[in-house]
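This briefing sets out the pockets, cavities, sheet and helix packing of one model. Please read it alongside the sequence and coordinates.

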Amino acid sequence: MAEKKKKEILLESGTNELELLEFNIGDRHFGINVAKVVEIMRAEPVVPMPNSNPFVEGIFKPRSEIMTLINLPAYMGLPGSDKPDRDIYIITNFNKANSAFHVHSVDATHRISWDKIEKPDTTIYGGEEGLATGIARIEDRLVTIIDFEKILVDINPSAGIQMSEIDKLGYRSNSEKPIIIAEDSPLLEKMIVESITKAGYSKVTVCSNGKEAWELLQQYKATPLPIESLCALVVTDIEMPQMDGHRLTKLIKTDPELKMIPVIIFSSLINETMYEKGKMLGADAQLSKPEIGNLVKIIDEKIL
């Protein structure tokens, strides 16, 4: 039975697809990866907390755990609901923590390929300060995929990558081993690159999704240089438009010329199921954001 379950997980891995939960704020359509969603529930009373962030409505206890509720319309500068008693709370789990987000309604769940999700234009969606990580066309409407990790970091900076973790590693010599980073969130991309560079790795190439990283590796293969002199290691997120990290991992690990490159999955989605998927696809290591200190230690282990 366990072997059958593993095969089912493997069949579902590396297909470059996701399930997207569509939700609404007013007449605007937004999306969140179902892998982040624990529960959808009707709005219920919350207890306001003094001196809290203005976008935190308060706390409530839907089950056995006290949870913080974030008012997503207020955070995004959108009007509130005219029927708040019919609103919805989306309970999420990522970065090894549960959070709740207040929205107006939930529409449906869609299975969609990442290659159908477009990278948002940074001039329109705000670059590092923007909240959109992808745009999906579903039937006659555009659904904006939201960077929920950025929202949590904005509200609680301690939930994000901490540069102090690099300082705790002590003295570090410089390394010119080339590293590819595949990360779609502009904010997290900047933080990861700054951290790795501070840790002594000066040759870092950034790709905003798995497709860009894969195309870059194909270019490297076409040169007469040894592949390890061009890419010694890949660090990839899972959720990315065009091509996700699981698909990228599968492509690398099934390519005769690239399979020796260590691949580290660094994602907010690492849980038991996702870990099993990554392992079966050949990932050399997997860890959850925002553990940047551990990421550097694993990079050291894999390429030094």
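The second largest pocket is lined by 13 residues, and those nearest its centre are Ala97, Ser99, Leu152, Asn156 and Ala159. The elements that give two or more residues to this lining are β5 (67–71), β7 (97–103) and α4. The model is predicted: local features need pLDDT of at least 70, side-chain atom pairs count only at pLDDT 80 or more, and totals for chains, interfaces and linings use all residues. Residues are numbered from 1 along each chain as its sequence is written, and side-chain values use heavy atoms, with hydrogens and water left out.

**Second largest pocket**

- The second largest pocket holds about 260 Å³ of space; a pocket is an open set of points on a 1 Å grid over the protein atoms alone, with protein on both sides within 12 Å along at least five of seven lines, and lining residues have an atom within 4 Å of a point.
- Volume here is the space filled by probe spheres set on the points, with grid points joined across faces, edges and corners.
- β7 supplies the largest share of the lining of the second largest pocket, three residues; strands (E, at least two residues) and helices (H or I, at least four) are DSSP runs numbered from the N terminus.
- The lining of the second largest pocket comprises eight nonpolar, five polar and no charged residues, where Ala, Val, Leu, Ile, Met, Phe, Trp, Tyr, Cys and Pro count as nonpolar, Asp, Glu, Lys and Arg as charged, and the others, Gly among them, as polar.

**Largest pocket**

- The largest pocket contains about 320 Å³ of space.
- It is lined by 20 residues, and the closest to its centre are Glu17, Leu18, Glu19, Met274 and Lys277.
- β1 and α10 (272–281) each give at least two residues to the lining of the largest pocket, and β1 provides the largest share, three residues.
- Seven nonpolar, six polar and seven charged residues make up the lining of the largest pocket.

**Cavities**

- Two cavities of 30 Å³ or more are present in the structure; a cavity is a set of grid points where a 1.4 Å probe fits but cannot get out.
- The largest cavity has about 130 Å³ of space, and among its 15 lining residues Lys36, Thr133, Ile146, Asp184 and Glu239 lie nearest its centre.
- β2 (28–33), β11 (141–146) and α4 (148–155) are the elements that give two or more residues to the lining of the largest cavity; β2 gives the most, with three.
- The lining of the largest cavity has five nonpolar, four polar and six charged residues.
- The second largest cavity, of about 30 Å³, has a lining that includes Asn95, Glu149, Val153, Lys289 and Pro290.

**Sheet**

- Six strands form an open sheet of mixed pairing, in the order β8-β1-β2-β11-β10-β9; two strands pair if DSSP finds at least two bridges between them.
- The edge strands, β8 (105–113) and β9 (117–118), each pair on one side only.
- β1 (residues 17–25) pairs with β8 in the antiparallel sense over seven bridges, and asparagine 24 stands opposite serine 105 in β8.

**Helix packing**

- Helices α7 (residues 210–221) and α9 (residues 245–253) pack at an angle of about 20°, with their axes 9 Å apart; axes are lines fitted to C-alpha atoms over the stretch in contact, and angles run from 0 to 180 degrees between N-to-C directions.
- α7 and α9 are therefore roughly parallel to each other, a term for angles under 35 degrees.
- The crossing of α7 and α9 is right-handed, that is, the near helix is turned clockwise from the far one by less than a right angle.

Terms used. Angles under 35 degrees count as roughly parallel, over 145 as roughly antiparallel, 65 to 115 as roughly perpendicular and the rest as oblique.
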